[in-house]
Amino acid sequence: MHCSRTHVLAALAFLLSGLLIFRGLGGLPLMQPDESRNAEVAREMKNSGSWVIPTLNGLPYLDKPAFYFKTVALSFSLLGETAVAARLSSALSGFLLLILVFAFARREYGLRTGALAVIAIATSPLFLAFSRLVIFDMMLALFVCGAIFAGYVAEQKQGRARVRWYLLGAISCALATLVKGPVGFVVPGLVLVVYHALDRRWDALKRLIAPVNVLVFFGLTLPWLFAVNYHYRDFAYYGIVEESLHRYTTTEFRRTGPFYYYVPWIAIGLFTWTALVPESMVAAWRARRRWTSADRLLIVWALVVIAFFSISQSKRPDYILSAIVALGALTARVVGLALDTPDNRAARVLRRGTVILAVVCIAAVVGVLMTGRHPHRLEKLLATPSEDTARLIATLTRLAVVLVVGAVAAFVAWWRGSARAMLAVFIGIPAAVLMAGFDGVRLYAEDKSAQTLADQLAPLPASTQVACLACYPNGLSFYRKQPVTVLTDTGRDFTSNYIAYMLKKTKPWPPCVVPLDQCNTWLAARSDPVLLLARRNAREDLHSIAERHGVAVNDLGDGWWSALIPPPTIN
């Protein structure tokens, strides 16, 4: 009977995960700048048939390798150029990663802990968000985690089985590198090196970099690198030095943060499960002599990843996605032990964590209610138009109700002392918060998307050229299925470091990019009407141009203005 309940739990874990990851995948428009830019690059790769050079608005987009874009392009070929197709690669990567975690945790800790690991990770907001966005990081996490798992299992095998597992790890490292560059092999390599070194397993370090593993890795990665470098001779330097080394060691990418930057993001990323982390850390340290090899791997994994990216001068929440996976598995380990025996240390951690969760829910309710009393601050914080305030207030009200119910449920579960009831609270709150807050997420996505802008431009005659003044809404290219002309001073408006780097060294610029100081000359050379778009930062310049051509400036809403510039009159 116990085995039957455990199998049901595993089935429910994957059912819940599938619903969270795939349900309503296309319900939100693609957001700028990342989602719509990545989708547009994939759309252009699909249309060009290229497997080597990604492009954005017709320009080489070599900020990242081509592998992820090509998977999205293949999805477009099969399912059409939709938001669902664009997000499918990330969603499948997230679900496959859960399968990997389940297999690892089941092998090391048992079926129930494997199911709990799936649930804990799938209900963690950071994991769930990147499973539903057109961004590289979930696919990167899949291959990074796969490489770490393979390297761990290899050392528990002998002979040819060990060689095969190491080869699988090398392939995973290569694919991770083809998704996002050197971080794809640096992170899993660093985790495994530290793990083996702490266990004084020196021979494992030699096997890790065995010639056959190195050969397989370079055999998969170098062909693409050589192909790109053949077309763009500076790419190897740019990719290794500018995009990777400088990103890690300098602040020029403007993504810096304090050393503790990831502490709040871990709390947000794990959400309810964060309540178990502090005391679990203390309990784990006191019981360190009883750690299993899997325990040591997951702990080293989480600490190494967080420390590595905390030292980096460029910091973003998605960088520690694989650490969230390791922490989720460790959390499941604690909950699994609590379910085994009601009076052990893990059970006490779960009970106190439930009280902490209840208190946090109450504090969050107070915060939500206070925010709702000052709608003007909410508009400023989220940069949303005032007409959306009513929907935001309604969303906050639903969230407050969910949090109150969650707090009450947590206290009841604690009072009853039921580990299963407490587990249900930890699972139920994030699922309910997601449903209650979805309309607010929709508002945010709509505000960050170019879909509405593209819909407004739909009636334009085919002969009208669209140009952007000191801006580039990359979603406009995706939704209109055609490039636009960008008038820019440095190329930074493309939100592409490589395009800005290339334009700095290229003269003259490609036809789709016009130096800002040549705007009037360019307009004078047009033989067709030009719809000129601008944001707030260039609104005065747009008014000046429109005044010189005797046309009006139209307010399109959401911070966009346009002017239809007629072609010069020929006498």
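Helices are DSSP runs of type H or I with at least four residues, numbered from the N terminus. The structure described here is a predicted model, in which local features need pLDDT of at least 70, side-chain atom pairs count only at pLDDT 80 or more, and totals for chains, interfaces and linings use all residues. Residues are numbered from 1 along each chain as its sequence is written, and side-chain values use heavy atoms, with hydrogens and water left out.

With a relative accessible area of 43%, Val366 is partly exposed (buried means under 20%, exposed over 50%, partly exposed in between, with a 1.4 Å probe and protein chains only).

Turning to charged side chains, the structure holds 21 salt bridges, each a side-chain nitrogen of Lys or Arg within 4 Å of a carboxyl oxygen of Asp or Glu. One of them joins Arg112 and Asp340, at 2.0 Å from N to O. Arg112 belongs to helix H5 (residues 111–122) and Asp340 to helix H16 (residues 321–340), so this pair ties together parts that are 228 residues apart in sequence. Arg112 is buried at 15% relative accessibility, whereas Asp340 is partly exposed at 49%.

Glu279 lies in helix H14 (residues 277–286) and Arg345 in helix H17, so the two tie together parts 66 residues apart in sequence. Glu279 also forms a salt bridge with Arg352, with the closest N and O atoms 2.6 Å apart. Here helices H14 and H17 are linked again, by residues 73 apart.
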